[in-house]
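My entries follow the order in which I looked things up.

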Amino acid sequence: MRLDYDVIVIGAGHAGCEAACAAANLGSHTLLITIDMNKTAQMSCNPAVGGIAKGQIVREIDALGGQMGIVTDRSSIQFRMLNRSKGPAMWSPRSQTDRQHFIAEWRNILENTPRLSLWQDSVTGLLIDDHTVTGVTTALGVDFHTRAVILTAGTFLNGLMHVGTVQTPGGRASEPASHGLTEQLTALGFTAGRMKTGTPPRLDERTIDFSQAVKQEGEHDFHHFSFLPGEHSQLKQRPCWIVQTNEQVHEVLRRGLPESPLYNGQIQSIGPRYCPSIETKIVTFADKTSHQLFIEPEGESTHEMYLNGFSSSLPWPIQMEAMSHIPALANVQAYRPGYAIEYDFFHPTQLEHTLETKLVRNLYFAGQVNGTTGYEEAAGQGLIAGINAHQRVNGGEPFTLARDEAYIGVLIDDLVTKGVDEPYRMFTSRAEHRILLRQDDADMRLTPRAHSIGLATPQRYELMISKRRQVEQLIDWCRGFSVKAALINPELQGRGLPTLKQGVRLHDLLLRPELNITLLADMLPELRQQLDLLETERRQEIIEAAEIKIKYNGYIERETLVADRISRLDRVTLRGKFNYADLHQISTEARQKLQRIDPETVGQASRIPGISPSDINILLLLLGR
């Protein structure tokens with residue numbers, strides 16, 4: 001049995017699976033250690049992938065050669081593109097998935113990835129020599145040796161679950177917690193904290209009155225997550241359902257607050273404000289008489305349903321009584337109640353942008369151990385950690401993404417520069433250059449970078465080049481084709497649209513918000529012929545990409561200039577230039593934060609909360625800038 005590896009990944013959640021596949025696909029002999037191999041990439045909470053900004057991250061993972069988009073497409077039971085009423089920078093794909101199929105697809109990928117081995121065990125300690133990690137030791141007494149370790153333990157580090165006053169050690173329902181690693185790392189000087197997350201009850205759909213709920217069907221157009229053609233779900237598509245709480249529900253919940261771990265002092269850690277428990281909602285939004293809930297299927301054929309929006313740690317009788325006052329759930333039977341879970345995390349300002357720790361060389365953190373929440377955020381970090389662990393042990397250059405390159409770049413920069421005081425999740429509002437970070441062009445942005453290090457396959461790269469060429473050819477054709485007013489006005493008038501006073505280029509006509517390429521193709525036979533020349537399987541994807549570039553070109557060009565101007569500060573190296581304690585020209589707060597975070601560049605320093613523009617100007621002056 002092999003005991004020596006290039007890279008060892010601890011934990012087979014979404015971060016661990018992406019990290020292990022990335023390192024192995026790049027050429028490193030990799031070992032993935034997990035407590036339960038049957039729970040690889042388990043969806044601890046909602047069996048869904050994507051959503052606002054999260055969907056963009058999954059598209060980026062796919063563009064970089066990661067696996068999450070492929071697995072999601074294969075296991076999807078409902079797909080929707082959110083925020084369609086807004087501009088394309090806000091469009092966000094989301095997919096409800098079959099929980100078990102998702103695990104099975106991931107397990108199949110892991111077992112068939114060359115140079116990747118799996119071991120079922122619990123890691124109890126790291127082997128460290130001269131501030132460099134050299135291996136891990138496990139509960140079974142096995143010592144594995146390695147050149148790099150990626151810790152992706154999720155909610156398992158000293159995990160503790162709460163249902164009312166009942167406390168159960170564990171990292172997830174019916175799964176044991178992991179002990180030993182937090183204690184070892186804090187002894188080495190790492191700063192750790194506690195965070196909280198939660199999950200709602202799981203319900204038996206046979207006991208739900210769906211006539212009292214609003215049906216929400218999925219969409220069936222060309223959109224999906226992976227940029228690779230042919231990755232589509234073969235599973236039966238299922239609807240979700242919307243219900244509302246009411247004052248009777250709230251009254252029961254208020255009665256249970258004295259027994260809530262969140263309000264009786266039992267839980268001291270911080271939970272996510274953007275995804276509060278149902279008891280937090282009725283306290284924070286005391287003036288609201290109802291809250292929207294979603295009943296979502298856990299799989300293609302299972303009767304288990306997920307009550308999204310009703311996360312709770314209240315005693316189970318309170319949860320059941322409260323739900324019974326929702327008409328659709330009046331006679332509902334639960335598979336299990338909701339619960340809260342507390343777990344250890346490490347403050348991410350202790351990391352480089354590669355996700356390597358500053359205190360121990362060749363040790364990387366990814367996922368919820370960095371204070372984030374969400375499968376997508378975890379997977380994005382895991383991918384970057386896996387790439388960089390491979391690069392480190394093979395003498396390659398560090399691989400990082402800038403804020404104007406990817407949501408993953410925004411995520412990691414926020415973590416290592418600003419830190420967290422609550423579980424971090426991505427929003428489109430966190431990305432100042434979001435018009436450049438759209439879901440439709442993640443392959444154009446990132447596949448060349450992944451191909452340059454060998455992670456994106458030649459097939460993926462050639463598909464991207466082909467798509468780019470066809471998009472540019474279509475845009476150029478639209479620029480050169482003249483539309484005569486006399487020929488198109490009857491078509492426009494017949495559809496109740498404003499007519500032309502004179503002929504225009506098709507490119508300029510497409511700038512009208514009420515017109516699009518598909519609609520104009522019904523009016524212009526020449527355009528229809530041009531579209532027929534596009535690659536059949538990806539035709540709609542190419543048309544959409546071209547149309548977005550035409551309609552939003554001015555915004556995109558302006559934002560590119562802004563991003564380039566801002567990014568200049570990220571090219572000014574700062575680390576190692578000053579002893580900040582001696583810089584009395586800047587504020588005391590700035591000295592303390594610069595000393596603690598030790599930013600790599602002036603750009604990173606400018607994003608640290610509490611560092612003022614005048615502090616940055618003084619640093620530039622001292623640097624001779």
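**Entry 1: a helix pair**

I worked from a predicted model. I looked up helix 1 (residues 14–26) and helix 9 (residues 375–393), whose axes come within 7 Å and cross at roughly 30°. Angles under 35 degrees count as roughly parallel, and helix 1 and helix 9 are therefore roughly parallel to each other. I noted that their crossing is right-handed.

I then listed the residues that meet. Helix 1 contributes H14, A15, E18, A19, A22, A23 and L26, while helix 9 contributes Y375, A378, A379, G382, L383, G386, I387 and H390. The residues of this contact divide into 10 nonpolar, 4 polar and 1 charged.

**Entry 2: salt bridges**

I found 47 salt bridges in the structure. In one of them, R99 pairs with E298, with the closest N and O atoms 2.5 Å apart. This pair links distant parts of the chain, 199 residues apart: R99 lies in helix 4 (residues 99–111), and E298 lies in the loop between strand 16 (292–297) and strand 17 (304–308). Is this pair buried or exposed? R99 counts as buried at 8% relative accessibility, and E298 counts as buried at 4%.

I next looked up E247 and R254, which form a salt bridge with their closest N and O atoms 3.0 Å apart. E247 counts as partly exposed at 36% relative accessibility, as does R254 at 32%.

A further salt bridge joins the side chains of R575 and E352 (2.7 Å, N to O). I recorded R575 as partly exposed at 22% relative accessibility. E352 is partly exposed, with a relative accessible area of 22%.

How values were computed: Residues numbered from 1 in each chain as written. Predicted model: local features only at pLDDT ≥ 70, side-chain atom pairs only at ≥ 80, totals over all residues. Heavy atoms only, no water. Axes fitted to C-alpha atoms, helices over the stretch in contact; angles between N-to-C directions. Helix = DSSP H or I, 4+ residues; strand = E, 2+ residues; numbered from the N terminus. Parallel < 35°, antiparallel > 145°, perpendicular 65-115°, else oblique. Left-handed = near helix turned anticlockwise from the far one by under 90°. Contact = heavy atoms within 4.5 Å. Nonpolar A, V, L, I, M, F, W, Y, C, P; charged D, E, K, R; others polar. Salt bridge = Lys/Arg side-chain N within 4 Å of Asp/Glu carboxyl O. Buried < 20%, exposed > 50% of the residue type's maximum accessible area, 1.4 Å probe, protein only.
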